[in-house]
Amino acid sequence: MKFGRKIFLGLVGLYFAIPLVATGVFSLWQGSNRYGFDGYTALFNQDELWTSLALSFELAVETVLASLVILVPAIFWMHLRLPRLKAVFDVISALPFVIPPIVLVAGMSALYTGPEWLVSTPHYLVIPYVVMTLPYTYRTLDVGLGALDIRTLSEAAQSLGAGWGTLVFRVVLPNLTTALVGAALLTVAIAMGEFTFANILLFKTFAVFIAFIGQSYPTEAAALTLLSFLITWAAMMGVLLGGRERAEIGGTR
Amino acid sequence: MRRWRRRALPVIFIGPLILFVLSFLILPAGQLLLSAFRDESGNFTLTYLEGLADSSAAFENSILLSGASALLGTVVGGITAYLVCGRENSARSFVRAFSAVAANFAGVPLAFAFVATVGSLGMITLWFKQAGLDIYRLGFSLYGLPGLVLVYAYFQIPLMLIVITPAVEGLRKEWREAAEGLGATPLQYWRMVGLPILMPSLASAFVLLFGNAFSAYATPYALTSGALSLVPIEISNVLSGNVMLAPQAGAALALGMIVVMGLVMLFHQLASRRLKRWTGR
């Protein structure tokens with residue numbers, strides 16, 4: 001049993017490691033048997049790399065903030081006061097699957113042609129990104145809040161004289177760190193790699209830039225692929241470490 | 001004052017979500033519904049819906065691909081989540097971080113990574129060739145359905161891990177110990193305790209993965225350059241004017257996609273409601 005467990009995890013690990021290694025080798029290839037860093041040098045000299053990367057990160061952060069601001073209060077209220085609303089919210093959270101990105105982009109560009117200050121900036125993408133990540137964020141937060149005994153917590157807080165603000169920010173949110181971090185991780189992951197909306201609405205985000213590079217420079221594309229993986233990895237580790245630290249503080253109390 | 005607050009509080013807490021969903025999800029979909037049934041002069045027509053029969057291959061391919069990759073993701077991801085959850089903290093947070101990154105690794109970069117690995121000139125392909133085994137002559141192709149399933153698994157398995165881990169961690173040790181104390185074999189425990197408890201979560205995760213694969217657009221587009229007929233690719237071809245089709249035909253395709261996804265969701269809702277009643281939760 002223990003042996004089978006190791007073999008299974010090993011195979012899964014290989015499946016995830018091999019494409020990364022192969023991409024790494026490919027990115028260093030310079031024709032025939034020569035290997036070196038030419039692909040990377042050529043890549044870093046592209047200004048568009050940095051602007052598109054910065055843009056995508058900005059959009060991802062904005063998406064996290066926007067979806068938490070919209071979702072946390074609603075799910076909190078549902079668990080506290082209106083459990084009947086769960087059926088409605090479950091349906092709403094499933095809607096982005098019923099209406100996938102490619103369908104939504106068609107609908108949105110048919111319906112909203114203005115106002116100019118909104119539609120013409122890349123920040124417009126935050127709206128579809130929040131929609132896109134809604135099911136994941138909702139599920140994560142719903143599970144997290146469901147695991148808390150929210151009524152007892154809020155009754156305890158309120159009987160000690162806490163207002164709504166204190167209740168939300170000092171009781172509910174600290175207890176929700178794991179769920180919040182999970183939701184944020186998912187949102188950043190999805191928003192950073194999003195291609196459909198950006199490509200069709202003609203904004204040059206990171207994913208669109210990668211596609212553009214890949215059409216003509218295979219070595220640079222491999223380098224960029226690996227790089228995007230490493231950058232996201234670093235960001236994720238940061239978020240994860242931050243989340244665990246706070247969770248530990250909560251745990252010792 | 002109290003009364004005012006009692007009325008205003010729900011609006012403050014829930015209002016933004018409802019308003020947001022209404023204006024950026026429901027209204028755009030409604031717009032598509034209207035345009036799929038209207039001809040150029042705005043009269044009601046079924047022409048575009050009847051035209052969908054020509055794209056049945058796209059729907060077949062999409063459903064096959066999504067079903068296969070979602071099943072693979074659910075099984076492998078679910079087992080991995082269970083095996084990892086008993087491990088020490090460092091292993092768990094490594095898997096968790098990797099899952100988040102790999103779920104992001106969809107789309108164009110993922111396609112490039114697999115081209116470099118098992119594409120016609122990829123590393124693994126060349127290795128096998130040196131060993132005298134030409135996998136492309138044996139019928140494998142990265143650019144067909146089996147190849148796409150292999151690629152999709154790269155984001156399906158991590159997504160499954162992220163989604164199912166809370167439920168797997170919710171399986172209490174005491175239940176297993178109680179089952180074992182009553183003489184249950186591991187198989188019996190899973191068949192009669194573990195899986196029934198996890199079933200609603202597993203079903204909802206499967207649907208999540210199915211939807212994820214069904215709406216995937218960047219990955220198949222970058223891999224097949226639009227040669228393999230899938231529904232999202234056909235829609236984008238209409239949107240960007242690559243094919244000689246009216247926008248309404250695109251709206252009809254989109255509507256077809258909504259119907260398929262709607263059916264899956266409905267199925268899932270019914271199944272999980274029954275399971276919930278059955279398990280008494």
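Where is the place of Leu202(A) in chain A? The views below take up that residue and several others in a predicted model.

**Figure 1. Leu202(A) sits in a loop of chain A.**
The loop runs between helices α11 (196-200) and α12 (206-216) of chain A, and Leu202(A) lies in it. Look at the backbone here. Phi of Leu202(A) is near 65°, a positive value in a residue other than glycine. Most residues other than glycine have a negative phi. Is Leu202(A) buried or exposed? Leu202(A) counts as exposed, because it has 8 C-beta neighbours inside 10 Å.

**Figure 2. Chain A is built from helices, with zero strands.**
Count the elements of chain A: 13 helices. Read along the sequence, the pattern is α-α-α-α-α-α-α-α-α-α-α-α-α. The C-alpha atoms of chain A fill a box of roughly 75 × 60 × 30 Å along the principal axes. Chain A has 253 residues, and 44% of them are buried. Now take the contacts in chain A between residues at least 6 apart in sequence. Of these, 77% join residues at least 24 apart.

**Figure 3. The domain assignment divides chain A into domain 1 and domain 2.**
Domain 1 of chain A covers residues 1-36, and domain 2 of chain A covers residues 46-252. How far apart are the centres of the two domains? Taken over C-alpha atoms, the centres are separated by 30 Å. Six residues from domain 1 of chain A and six residues from domain 2 of chain A take part in the contact. On the side of domain 1 of chain A that touches domain 2 of chain A, three residues are nonpolar, three are polar and none is charged.

**Figure 4. Chain B meets chain A.**
The contact joins 63 residues of chain B to 65 residues of chain A. Which helix gives the largest share of the side of chain B that touches chain A? Helix α1 (residues 2-36) of chain B does, with 15 residues. Sorted by class, this side of chain B has 48 nonpolar residues, 14 polar residues and one charged residue.

**Figure 5. Helices α3 and α7 of chain B pack against each other.**
Helix α3 spans residues 56-85 of chain B, and helix α7 spans residues 145-169 of chain B. Their axes lie 6 Å apart, at an angle of about 45°. The two helices are therefore oblique to each other. The crossing of α3(B) and α7(B) is right-handed. By class, their contact has 20 nonpolar, nine polar and one charged residues.

**Figure 6. Gly147(B) is found in helix α7 of chain B.**
Gly147(B) has 18 C-beta neighbours inside 10 Å, so it counts as partly exposed. Which residues does Gly147(B) touch, not counting those up to four places away in sequence? Gly147(B) touches Ser141(B) and Leu142(B). Leu65(B) lies 82 residues from Gly147(B) along the chain, and the C-alpha atoms of the two are separated by 9.9 Å.

**Figure 7. Helix α5 of chain B is mostly covered.**
This helix spans residues 108-118 of chain B, and 11 of its 11 residues are buried. Among them are Val108(B), Pro109(B), Phe112(B) and Thr117(B).

**Figure 8. Helix α5 of chain B also packs with helix α7 of chain B.**
The axes of α5(B) and α7(B) are 10 Å apart, and the angle is about 130°. The pair is therefore oblique. The crossing of α5(B) and α7(B) is right-handed. Which residues meet here? From α5(B) come Leu110(B), Ala111(B) and Phe114(B); from α7(B) come Val151(B), Tyr154(B) and Phe155(B). By class, the contact of α5(B) with α7(B) has six nonpolar, no polar and no charged residues.

**Figure 9. Ala205(B) lies in helix α9 of chain B.**
Helix α9 spans residues 186-214 of chain B. Why is Ala205(B) buried? Ala205(B) is buried because 25 other C-beta atoms lie within 10 Å. Leave aside the neighbours within four places in sequence. Ala205(B) is then in contact with Thr74(B), Met160(B), Val163(B) and Ile164(B). Arg38(B) is 167 residues from Ala205(B) along the chain, and 37 Å separate their C-alpha atoms.

Key: Residues numbered from 1 in each chain as written. Chains lettered and ligands numbered in written order. Predicted model: local features only at pLDDT ≥ 70, side-chain atom pairs only at ≥ 80, totals over all residues. Domains from an automatic or database assignment. Contact = placed C-beta atoms within 7 Å. Nonpolar A, V, L, I, M, F, W, Y, C, P; charged D, E, K, R; others polar. Helix = DSSP H or I, 4+ residues; strand = E, 2+ residues; numbered from the N terminus. Axes fitted to C-alpha atoms, helices over the stretch in contact; angles between N-to-C directions. Parallel < 35°, antiparallel > 145°, perpendicular 65-115°, else oblique. Left-handed = near helix turned anticlockwise from the far one by under 90°. Buried ≥ 20, exposed ≤ 12 C-beta atoms within 10 Å, placed from the backbone.
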